[in-house]
Amino acid sequence: MPDLPAPPRPQGRYQPALRHAGTLVTAGMTPRVDGQLVHVGKVGREVSLEDAVRAADRAARNAVAAAAVAAGSLADIERALRLTVYVNATEDFRRHSEVADGASAALLDVLGEERAAVVRSAVGVASLPGGACVEVELTCAC
């Protein structure tokens, strides 16, 4: 099973993930490595499509790491249910789903095919915290 990063520390007054009544939700996770935000800027201008896909992968792995802590372990996550990927993109950018595929691929790698099948939204936004190019939210059953 792939190694997960340490869950990122919250950047404000919130919990990284909460478990309640068999459902687990994460806060929005950005592509942080060792606490540092990577791939900052707008997709389609400062950030290439390829880097945005890598950023979505990292943000999703951070979300799974936070979910695993809240669930008790990675094995305690029964399955992922919903994945929302926010893409900080230029007004004319149209490839949001391709960026979100990076997050979906991370779930597949970490959770396996059966537990990673999710419903998904890819949403273009004008900005994200810290100038992140992507932010990922994950809902799981546990």
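Visitor: Which residues does Arg 32 touch, not counting residues up to four places away in sequence?

Guide: Keep in mind that this is a predicted model. Arg 32 touches Pro 8, Gln 11, Leu 37, Arg 58 and Asn 62. Arg 32 itself is found in strand β3, residues 32-33.

Visitor: Is Arg 32 buried or exposed, and what is the nearest side chain of opposite charge?

Guide: Arg 32 is buried, yet has no salt bridge. A salt bridge needs the charged atoms within 4 Å, and the nearest side chain of opposite charge, Glu 135, is 8.8 Å away. A polar atom of the Arg 32 side chain does lie 3.1 Å from the backbone oxygen of Gly 35.

Visitor: How do I read the sheet?

Guide: Strands of a sheet pair through backbone hydrogen bonds, either parallel or antiparallel. Here, 5 strands form an open sheet with mixed pairing, in the order β1-β2-β7-β5-β6. β1 and β6 stand at the edges with a single partner strand each, so one side of each is left without a neighbour in the sheet. On average, neighbouring strands are turned by 10° against each other, direction ignored.

Visitor: Which strands run antiparallel, and which pair in the parallel sense?

Guide: β5 and β7 run antiparallel, joined by 8 bridges, with Arg 79 opposite Ala 141 in β7. β5 and β6 pair in the parallel sense over 7 bridges, and Arg 82 has Val 119 in β6 as its bridge partner. β1 and β2 pair in the antiparallel sense over 4 bridges.

Visitor: What does helix α1 touch?

Guide: Helix α1, residues 49-71, packs on the sheet and touches β1, β2 and β7. The direction of α1 makes about 35° with that of β7.

Technical notes. Residues are numbered from 1 along each chain as its sequence is written. This is a predicted model: local features need pLDDT of at least 70, side-chain atom pairs count only at pLDDT 80 or more; totals for chains, interfaces and linings use all residues. Side-chain values use heavy atoms; hydrogens and water are left out. Helices (H or I, at least four residues) and strands (E, at least two) are DSSP runs, numbered from the N terminus. Buried means under 20% relative accessible area, exposed over 50%, partly exposed in between (1.4 Å probe, protein chains only). Lys and Arg count as positive and Asp and Glu as negative; His and the chain ends are not counted. A polar contact is a pair of N or O atoms within 3.5 Å; within protein, one must be able to donate a hydrogen and the other to accept it, and residues adjacent in sequence count only if both atoms are side-chain atoms. Contact means heavy atoms within 4.5 Å. Two strands pair if DSSP finds at least two bridges between them. Axes are lines fitted to C-alpha atoms, for helices over the stretch in contact, and angles run from 0 to 180 degrees between N-to-C directions.
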